[in-house]
Amino acid sequence: MPYCLGLQAAAEAFLSIGLATQFTLAVVAFLLIVTIVSAFQKDGVDSPTSLPGSSLFSIYPFFRRRYDFLNWGFHATGQSIFRFNLLRNTVVVVSGESARQAFFTAKSLDLTEGFKILSGAIPMVRGVTSDLQTRRIQQIHKRLANVQRNGPLSELIPCILEDSRRMMETWGSAGKFDPFEKVYELTFQLTIRSISGTEIADDPLLVARLKKLYDELDTGTTPATVLLPWLPTPAMIKKLWATKTIYEIVAKAISDREQSGVHHNDTLQMLLDSGDDRLVVVGFIMGLVIAGARATGTTASWLLTYLGGHPEWRNKAAVEVEKLLAASSSSPTQPLSARLATIPLEAWEAETPVLDAIIRETTRVAQPHTAMRRNLGPDLYIDNKLIPSGAYVIYPFSDVHLDPELYSDPWKFDPGRKEPDHVPFSYVGWGGGTFYLSNILAVRIGEG
C-alpha cells in the first residue's frame, strides 16, 4: 500500500508540473537513453574506432569548433578514420590519400543528404530545398551549370561591377568602418544579383532584409535545431519564421515577374524561360543565396587580410589588372567600374594567373571546409573500414590542404608555391569527384 501511494504521489506531482516541463523532461530522457545506448555499442572488427566519451559531449564542438574537434578525434583515436554518434546518427570521419579518392568518387555517397543534417544552415522547405526527388536535384544542377556558362557570366559582369561601385561609394573616403562587415554585405548583394532577379537585386532595402533573415538562419543553427528539428526551441521557431519570410520574398518576386510580362536578362528569367516548376525556381534561389554568400564573404575577407599583409602580391595583382585595363577599349576618363566592365570574360579567365593563384592559396589556407556525404547504400569500405548504409561520412579539407608533405610550410600564404604533381585531389578547394558542380555548391555553402 505505501508503495502504491508513493507511485500515485509521484504521478500527480509529474502531472502538476505542467506540459512544458514534461516535454523538457521527456527530451532529456530521450537524450540520456540514446547516449547510454550509444555508449554500450561495441565496435565491430571492421568498424572504424569510436571516439571516447559520450555522444552528447561530441555534439557541441562538432557544430561550433569543427576543425578543432576533428583534429582532436584523429589524435584521440590515433587512427586515420574514426567514428562518433550524433544521437542516433553514425558519423565516420576519413583522411588520407586513398580515403580522399574513395570519398570523392564513390557513387553511393550523396552530398545533398549529407549536408542536410550535418549543417542545417540552408532554409529547409519540404519539396523546395529538402526531400527533393532525384530528378529535381538533377534539374537544379543543370540550371546551375547554365548560370555558369560564358554568355550569362559575361552579361552579369557589368551588373556586379556597378553594384560594387554603388556600395563601395557609400563607405566613404575617410573615417573608420569594419571592412569584414562591409565585404560580407557586398558579397551578399553580388550573390543576390547573380542568382535571383532584378526585382530583388535592385532593391537595397529588400536585399538588406534578406541578409538579416539569412543571418538569423545561420546564427540560429544549433545542435538542437539540426538534430532535433521537431523540438520547438526559440532558435527553431526563429529559423522557421525566417524561412517562411524568405520563401514569401522569393515567391513574390517570381509572381511580380510573371504578372509584369517584362523580360529581364537575369537568372530568374532563365529559370522561368526553361519552364521549370515553380518550386524548383524558388528552391534554386533560396538554397544558392546562402551557398554563394556565406563562404564567399569569408574567403573575400581573408583575401583582403592576406593582401594587406603581403604588399608584394597586392602590387602584382594591381599590375595584372592595370594591364587588362590598358588593353581594353575603355577610356581613362570613365569610372573604374565601367572600364573594368569592358574587359571580356575570356581575358579575366586566361590573363589573370596572379589573381587565380591568390584566390586559390587563400582558399587552401583559410578555408578549413568539411565535405559531407551520406552513404545511400549499399555498405561501403574505405581503407578496409566499414561505412554502413545510412551512415554519414566527413572529409576535412585540411587533411590535404595543410599536409606538409604536399605543401611545404602549409600555413604560409604563398601564391607562388608549386602545386603538387601526380597526386589525385591534391587541391579540393572547389570540390572534386564525379559530381563537380555539386562539390562547388557544397564548398560555397561553407562546409565546415
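A residue is called buried when its relative accessible area is under 20%, exposed when over 50% and partly exposed in between, with a 1.4 Å probe and protein chains only. The model is predicted, with local features needing pLDDT of at least 70, side-chain atom pairs counting only at pLDDT 80 or more, and totals for chains, interfaces and linings using all residues. Residues are numbered from 1 along each chain as its sequence is written, and side-chain values use heavy atoms, leaving out hydrogens and water.

The description begins with the sheet. Six strands, in the order β1-β2-β3-β8-β5-β4, make up an open sheet of mixed pairing. Because β1 (49-50) and β4 (109-110) stand at the edges with a single partner strand each, one side of each has no neighbour in the sheet. Helices (H or I, at least four residues) and strands (E, at least two) are DSSP runs numbered from the N terminus, and two strands pair if DSSP finds at least two bridges between them. Strand β1 runs parallel to β2 (residues 82-86), to which 2 bridges join it; Thr49 has Phe82 as its bridge partner in β2.

Helix α4 (residues 66-77) lies across β1, β2, β3 (89-93), β5 (370-375) and β8 (392-396), at about 125 degrees to β2. Helix α5 (residues 97-105) touches β4, β5 and β8, and makes about 125 degrees with the direction of β8. Axes are lines fitted to C-alpha atoms, for helices over the stretch in contact, and angles between N-to-C directions run from 0 to 180 degrees.

Aromatic rings come next. Rings of Phe, Tyr and Trp (its six-membered ring) pair if their centres lie within 6.5 Å; planes under 30 degrees apart are stacked, over 60 edge-to-face and the rest tilted. By this rule there are 18 aromatic pairs. Phe74 and Phe82 form an edge-to-face pair, 5.1 Å centre to centre with 85 degrees between the planes. Phe74 counts as buried because its relative accessibility is 17%, and Phe82 because its value is 0%. Ring pairs link both into a cluster with Phe62, Phe63, Phe69, Trp72 and Phe84.

Helix α13 (residues 234-260) has 27 residues and reaches 39 Å from first to last C-alpha, close to the 39 Å expected at 1.5 Å a residue, the expected span being 1.5 Å times one less than the number of residues. Its buried residues include Met236, Ile246, Ile249 and Arg257. Gly261, which follows α13, has a positive phi near 75 degrees.

Key. Contact = heavy atoms within 4.5 Å.
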